[in-house]
Amino acid sequence: MTGAPASGAVSVLAHGIGAQHDLPLSPFYAFAGAFAALFVSFLALGLLWSTSRFRGESAGRPLPAAVQRAADARATRVVARALGLAGALLVVLNLLIGPADPDRNPAPGAVYVLLWVGLVPASLLLGPVWRLLNPLRTLHLLGCRALGRDPEAGRPLPVRLGMWPAAAGLLAFTWLELVAPDPASPTALLVFLGLYAAVHLTGAACYGARWFDHADAFEVYSGLLARLSPVGRRPADRRLVLRSPFNGLDATPQLPGLVATVCVMLGSTAYDGFSDAPRWITTVQTSALGRTTTATLGLLGAVVLVATLYGLCAGATRIVCGRLPHPLTAFAHSLVPIALGYLVAHYFTLFATEGPRTVLLALGADRPAPPEPPLGPGGVATLQVLAIVTGHVLGVIAAHDRSVRLLPSGRAVIGQLPLLILMIAYTVGGLALLIA
């Protein structure tokens with residue numbers, strides 16, 4: 001969200017970023033700075049970075065033993081599960097018996113702001129926190145204990161399944177947030193949450209708790225963002241470590257559906273920005289197909305466009321460099337920091353204003369006014385450009401390190417040209433959404 005928050009929780013929650021087209025942003029300086037950052041980083045990497053430097057999950061300096069014990073203590077996990085379950089129950093109760101007016105009900109803000117947006121800073125600072133807080137995982141655990149079953153027991157997960165259920169879940173949630181006629185209504189949220197819980201509890205009953213690792217949209221969303229956290233866990237010895245975020249990013253599993261998941265993250269955020277453009281609002285309102293159908297096609301079109309550009313880039317890289325194992329997933333991890341940059345640019349003000357307001361509503365305040373944004377229009381504009389450009393530069397670095405590892409030494413730099421063109425295209429699109 002950018003600029004001042006829209007009046008009323010309904011409009012704010014229905015469009016996650018609010019009005020942004022009056023920001024004091026110079027197109028020339030924004031695009032010139034972005035191009036300079038991308039080209040300079042690309043040239044510097046090509047000249048100075050000739051061998052892979054990232055070591056994935058084997059990297060990191062162990063945290064003190066006391067921190068490890070506290071993090072792994074049974075009490076810590078019980079408290080986290082209890083907090084997640086209690087929060088979910090409060091949301092459901094407010095949807096069932098709370099005020100119908102979203103301006104007085106904290107449940108929509110809890111879902112769209114504290115959960116969806118709040119998971120971004122929480123995962124960056126603490127790692128994949130939703131794995132501990134996930135109320136569905138807790139309900140599955142309690143059900144298994146009541147039945148005397150091992151929560152990990154179940155059929156083997158089909159390899160082809162990968163992250164595809166998570167991609168579908170993220171697309172469904174962003175459709176509810178950005179397209180549904182009344183996304184803040186208790187009925188709409190109850191139907192979505194009920195169906196979501198039924199699907200994932202059924203999946204966990206069939207495949208065990210590992211279902212949530214790759215299929216739960218919010219766990220996968222939190223886990224991908226947590227790849228950029230300085231705190232990680234080494235699989236070999238289960239030690240908590242401080243690490244370069246690039247090492248965590250480099251260890252992103254190359255699973256089926258990874259590209260789709262990241263493209264949904266990117267495409268839905270891009271559509272959120274585009275949907276606020278006056279021209280698109282007019283198109284939606286006057287379309288013969290109807291508002292919901294037109295907006296749905298717009299959301300799907302944004303995701304397909306992002307995925308198509310990435311697919312063309314992967315194909316071009318393979319043509320330039322010859323045989324490349326898993327060309328689609330090989331560089332998909334480099335899209336994660338780009339998605340993070342878009343999320344920060346689009347939702348910073350929303351979280352800073354509607355987050356405290358939602359907490360005040362939950363504490364019993366009646367129609368509290370959101371606090372003033374922490375940054376003025378100029379500060380917001382600067383933050384947005386920096387977030388988008390930084391995300392793309394980090395993506396260039398991640399892609400370069402993977403290139404010098406996978407591609408022949410003579411083609412490592414030229415093989416990145418399609419990726420550089422892709423980064424430029426995404427950067428232009430992201431900045432255009434802020435300026436248009």
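This is a predicted model: local features need pLDDT of at least 70, side-chain atom pairs count only at pLDDT 80 or more; totals for chains, interfaces and linings use all residues.
## A tour of helix packing and pockets

Residues are numbered from 1 along each chain as its sequence is written, and side-chain values use heavy atoms, with hydrogens and water left out.

**Stop 1: helix 9 and helix 14**

Select residues 164–178 for helix 9 and residues 258–274 for helix 14. Helices (H or I, at least four residues) and strands (E, at least two) are DSSP runs, numbered from the N terminus. The angle is about 10°, and the axes lie 8 Å apart. Axes are lines fitted to C-alpha atoms, for helices over the stretch in contact; angles run from 0 to 180 degrees between N-to-C directions.

Now show the side chains. Helix 9 brings Trp 164, Ala 167, Leu 170, Leu 171, Thr 174 and Leu 178 to the contact (heavy atoms within 4.5 Å). Helix 14 answers with Ala 260, Thr 261, Val 264, Met 265, Ser 268, Tyr 271 and Asp 272. By class, this contact has nine nonpolar, three polar and one charged residues. Ala, Val, Leu, Ile, Met, Phe, Trp, Tyr, Cys and Pro count as nonpolar, Asp, Glu, Lys and Arg as charged, and the others, Gly among them, as polar.

**Stop 2: helix 12 on helix 14**

Pick Val 220, Tyr 221, Leu 224 and Leu 225 in helix 12; they meet Leu 258, Thr 261, Val 262 and Met 265 in helix 14. Seven of these contact residues are nonpolar, one is polar and none is charged.

**Stop 3: helix 4 and helix 5**

Here the angle is about 140°, with axes 8 Å apart. Helix 4 and helix 5 are therefore oblique to each other. Select Val 91, Asn 94 and Leu 95 of helix 4, then Pro 106, Ala 107, Ala 110 and Val 111 of helix 5, to see the contact. The classes are six nonpolar, one polar and no charged.

**Stop 4: the second largest pocket**

Stay on helix 4. It gives the most to the lining of the second largest pocket, with ten residues. A pocket is an open set of points on a 1 Å grid over the protein atoms alone, where a 1.4 Å probe fits, with protein on both sides within 12 Å along at least five of seven lines; lining residues have an atom within 4 Å of a point. The volume is about 1000 Å³, meaning the space filled by probe spheres set on the points, with grid points joined across faces, edges and corners. Of 36 lining residues, Gly 84, Gly 87, Ala 88, Val 91 and Trp 130 lie nearest the centre. The lining has 28 nonpolar, seven polar and one charged residues.

**Stop 5: the largest pocket**

The volume of the largest pocket is about 1300 Å³. Select Gly 127, Pro 128, Val 129, Arg 131 and Arg 233, which lie nearest its centre among 36 lining residues. This lining has 21 nonpolar, five polar and ten charged residues.

**Last stop: Arg 238**

Go to the loop between strand 2 and strand 3 (240–242) and select Arg 238. Phi of Arg 238 is near 60°, a positive value in a residue other than glycine.

Conventions. Angles under 35 degrees count as roughly parallel, over 145 as roughly antiparallel, 65 to 115 as roughly perpendicular and the rest as oblique.
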